[in-house]
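Here is a friendly note to read with the model open beside you. Take the points in order, and find each residue on screen as you go.

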Amino acid sequence: MSTTSTILPKDEAAAQGELNVQINGTWHRFAPGTRIADACNTVGAHVPCFCYHPKLAIAGSCRMCLVEQGMPPRLAPGQEPSYDAQGYQPLQWMPRAIIACANTVSENMGIRTTGNITAEARRGVLEFLLSNHPLDCPICDQAGECKLQEYSSDYGSGTSRFQEEKTKKGKNIDLGPRVNLDQERCVLCHRCVRFMRDIVGEEVLGAVGRGSNCAISCYPGLKLDSNYSLNTVDLCPVGALTSKDFRFKMRVWFLKSTPSIDVNCGTGSNISIWSREQEIYRLTPRQNDQVNSCWMPDSHRLNYKYINAEERILNPTVRTDIGAPQRESTWDACLKLSAEQLQKCEASKTAIIVSARMTNEELYLVRALAKQLGIKEIASVSRKGKSDGMLISADGNPNTTGEQMIIAEKATALEGICSGIKSGRITALLALGEDITAEAGLSADNIKNLDYLLTLAHSKNGTTELADVTLPGVTFAEKYGTMINVTGRIQRLNQAIEPIGNSRDDWSILRDLIILLGSEDEKLAALKSARDLVTIMADEFAAMAGLTWGSIGNDGKAIISTGVTIPLIEREQASK
Amino acid sequence: MSKINYLPGKEPHPSETRRIFRNVDREGYNPSIECFIEDGGYKLLADALKKQPSEIIDEVKKSGLRGRGGAGFPTGVKWTFIPRGNTKPVYLICNCDESEPGTFKDRFVVHQDPHQLIEGMIISCFAVGAHFGVVYMREEFPEAAKIMQKALDDAKSKNFLGKDILGSGFDLEIILHRGAGAYICGEETSLINSIEGLRPYPRIKPPFFPAAIGLYGCPTIVNNVESLCQVRQVMEMGGEVFAQTGAPRSPGTRIIGVSGDVKRPGYYEVVSGSITFGELLNDLCGGPKEGRSFKAIIPGGSSSKVMRCDAQLKAANGSPMSVFDIALDLDSIAAHGSMSGSGGVIVMDDSRSMPKVLNNLNRFYAWESCGQCTPCREGNPWMLKLTNRMLSGNAAPGDVDLLKDVADQICGKTVCAFGEACAWPTQAFIAKFREEFVALTEPINALKPHSDEARAARQFLGRED
């Protein structure tokens, strides 16, 4: 902009509802109300924070985010502001650093995250934080993802001037069934306190003592036993709060994180799966403001142990004759045998029970399988429960919406299939992804009425014990796929580890079976991954029109409007 | 009760002007409402209620009255910070959490003349439009709490409080709220949190000050006891007359509480700027104790910066002057690098060890830090431990610089003014009495470990270089 121009940057920005802010010498534009810390971080000027979390109330207490601020000079009455060549007012830098978390940007503001004032403030705060810190990184579980470690390395001084005796506080405190506290490592950011108070609405945590003896604690007689307690461990920037489940299991730098979704209920909370080699060590929530904000329930977070459990089925098993014992087989032999046996089954006496825990791609192939076999009776097991008013959906199935889109038009009632089995009308059953001895309401005796039972399962259960053929599929952590949550958002599952043992990705088992049964679908035969099925399905289902695996992205896409909402997200959006 | 006589031994010095302390240690005076009314009390209230609230605010602004809590912010200006077009209830809180070491002025008002405060408070509430007021009294005033509660009850029974006060249509409830013994509750935002039943952590400001978002999120005015009593004086004298007495930018009387090494420690109410430190200490207080000489003065409560009595200062016109020539008003003291603060003057004579005095102050601040923000929480115990080590003879000369560095690292980086309050003493004591600190140190101590942790760190973490 030239000096002769009459349009100033402030007017230009105002026309777009924005503000000009100079950060480290460069002018940027931000929406009014943007916090200085967020503004700086979005343009690559890193502002370290302990207590600030975008989802929690501002505390402003850690003082780590101190930055240098400049404002245009205050004008005397009648004085005209002066502008530089670019049309900005000159900045007067304040001698006192301000916190970047509590303050918002304003027009013609200047921020410096480099320079002496900021560097000294950061170094000073870190020196203070470390003065009474036990410096026990070698035995601390947070090491590798500890903000205190990172900032000390980035902004700290490297040596300590503190020669005195440190303040001693409580160690290894049992805060609740899943969370442990080390008060000496705590930086008193109060994130956990604010989370429990504001997000969960249970005032369990608070601070006791004052000065150097200030420490986090539960209120007398209370325990941190909320189903959301492990989120405090995620929030804790240091090693003060640790998960009893994860602590001492694995150094975090050995872990690989894979973005995926939670499959324990219809919400489909976004998660990261943390794995090393073929083992899953923990699940943590991944931010998605439309689904789960930054949180997830403990019950879902800890439900991963079945992935690496003994109960996993490692090989296909078949029963070669009535009453013969089940024995392990190979995939080729097993699939061939299954195809032969299925062809012998009378379609009108055969039914399929599918699971709304399967991915869209798997369900699509189940439909194709049913078509190939001419089976008319197909039903799924519903899991209706109660929402917890937070993130756990009333629907216990993660993909009910997808199942309804793909299967529902052909579906029959589960009760019909069950009574058919009991009465002997149905003599052959394909139990895909469901243990029919559990929620489906069939007893072992009922199942013995069947002449033929084929099941697809990842772990041993009541059905696999009785099945004539068991095809070992995989868990959510071992496969790619998409699911549609209760709000109608399609989201991706990503493969974190390879299928365990000789188990195989469910979609490929179904595909091979369909081809062995005589399908001549070339697209199906050419499939390399479940991811490619998204494109095929996009042609068929209006809701998925135009979708590809890539376009769904890690945050998912809202494709169907179901009218269902997630209570926690409702609240969060209402409070904005 | 026309002629005022004071109890024997409590007579005011001729240089004093008793306004707020008019009835303190007065013969035949008691804290009952009858005594106050007989003395002409609550007449000002009746007059004030006939005015417009804005007239009272204008009067207080005209008077130039500055807050007596320590920061010296103009009271009338503070009142106008309530947002225009405010629809929420407005609250007024009387800060009676007098806990700054060396300060003892409000205690005499609440113990001996509570109705003076109540009348000032009702007038102030009327001016700012508050229908609910709180007297926040520190835990350590148990007797005063009883007296104040009775005074509030009596005032209510005589319709100075409650519904339709004196037929004016103005309603006001004032309650007494007691603290739990924390120095930080004197900070207005932590005081508000304390009333709300929260942990008294100071709130971050800016962006929001209590006058905009205070108690329960509503506009709240927090004034010191003496400030509210001074409002009553303003109403009595008129703003312009009030502004004419005393120093131009800090008019009115000030109550000075002198403690420490003087012959007659105690309270003195003087017109602001009318006397100098020399007159205060030598005339009013009777000078240093026998055979001693003054060494240092802390002029306004423990957190104000200490002044050295033998320092050569320069007056505004450049002529040399000493500490004793400084006039007792806010700006004169501020001009010489300290502050008048709460008016608590602490005097030390040549028998005092400055490191020991500082150690004592550091112990207070380390104990009273609320623990909310990092620099204050961690810095204060560090400063205490350093001065502990100096006193025990285990410090090295470098530790004196370290002590100052730690104070610098706290100052200006905290949530509330506690950061300055705790850093200023250390900064000033080292700046002015450095030689006394260095004299306690030995260079060899720099090579010794001073704690088990430091010893272990040397053994296991040290580098061989």
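**Notes on the two chains and their contacts**

1. Taken over C-alpha atoms, the centres of domain 2 of chain B and domain 3 of chain B lie 24 Å apart. Please keep in mind throughout that this is a predicted model. To find your way, note that chain B is divided into domain 1 (33–244), domain 2 (250–349) and domain 3 (354–447).

2. How many residues of domain 2 of chain B are in contact with domain 3 of chain B? There are 11 on the domain 2 side, and they are in contact with 14 residues of domain 3 of chain B. Between them, these two domains bury about 1200 Å², and 68% of that area is on carbon and sulfur atoms. On the domain 2 side, B:Lys305, B:Val306 and B:Arg308 lose the most area to domain 3 of chain B, and together they make up 44% of what that side buries.

3. Across the interface of domain 2 of chain B and domain 3 of chain B, 2 salt bridges are found. The count of residue pairs in polar contact between these domains is 6, with both residues at pLDDT 80 or more.

4. Which elements give two or more residues to the side of domain 2 of chain B that touches domain 3 of chain B? They are strand E9 (294–298) and strand E10 (307–308) of chain B. The largest share, 3 residues, comes from E9(B).

5. Now step back to the place where the two chains meet. The contact takes 41 residues from chain B and 39 residues from chain A. Chain B and chain A bury about 3200 Å² between them, with 52% of it on carbon and sulfur atoms.

6. How many salt bridges are found across the interface of chain B and chain A? The number is 5. For an example of a salt bridge to look up, take B:Glu453 and A:Lys168, whose side chains meet at 2.5 Å, N to O. The interface of chain B and chain A also has 24 residue pairs in polar contact, both residues being at pLDDT 80 or more.

7. On the side of chain B that touches chain A, the elements that give two or more residues are helix H13 (354–368), helix H14 (374–391), helix H15 (397–410) and helix H17 (452–461) of chain B. H14(B) gives the most, with 10 residues. The residues of this side of chain B divide into 18 nonpolar, 11 polar and 12 charged.

8. Chain A can be described as a whole. Its secondary structure comes to 18 helices and 24 strands. Along the principal axes, the C-alpha atoms of chain A fill a box of roughly 95 × 65 × 35 Å. Of the 576 residues of chain A, 57% count as buried. Among contacts in chain A between residues at least 6 apart in sequence, 68% join residues at least 24 apart.

9. Is A:Ser393 buried or exposed? A:Ser393 counts as buried because its relative accessibility is 13%, under the 20% cut-off. You will find A:Ser393 in the loop between strand E18 (377–380) and helix H10 (400–406) of chain A. Not counting residues up to four places away in sequence, A:Ser393 touches A:Cys265, A:Gly266, A:Thr267, A:Lys386, A:Ser387 and A:Val486.

10. A:Asp332 is in helix H8 (residues 331–344) of chain A. With a relative accessible area of 64%, A:Asp332 is exposed, because exposed means over 50%. A:Asp332 and A:Pro316 are 16 residues apart along the chain, and their C-alpha atoms are separated by 9.7 Å.

11. Last, visit B:Lys3, which is found in the segment before helix H1 (33–38) of chain B. B:Lys3 counts as exposed, at 62% relative accessibility. From B:Lys3 to B:Trp367 there are 364 residues in sequence and 47 Å in space, C-alpha to C-alpha.

Note on methods: Residues are numbered from 1 along each chain as its sequence is written. Chains are lettered from A and ligands numbered from 1 in the order in which they are written. This is a predicted model: local features need pLDDT of at least 70, side-chain atom pairs count only at pLDDT 80 or more; totals for chains, interfaces and linings use all residues. Side-chain values use heavy atoms; hydrogens and water are left out. Domain bounds come from an automatic or database domain assignment. Contact means heavy atoms within 4.5 Å. Buried area is the accessible area (1.4 Å probe) that two parts lose on being put together, summed over both. A salt bridge is a side-chain nitrogen of Lys or Arg within 4 Å of a carboxyl oxygen of Asp or Glu. A polar contact is a pair of N or O atoms within 3.5 Å; within protein, one must be able to donate a hydrogen and the other to accept it, and residues adjacent in sequence count only if both atoms are side-chain atoms. Helices (H or I, at least four residues) and strands (E, at least two) are DSSP runs, numbered from the N terminus. Ala, Val, Leu, Ile, Met, Phe, Trp, Tyr, Cys and Pro count as nonpolar, Asp, Glu, Lys and Arg as charged, and the others, Gly among them, as polar. Buried means under 20% relative accessible area, exposed over 50%, partly exposed in between (1.4 Å probe, protein chains only).
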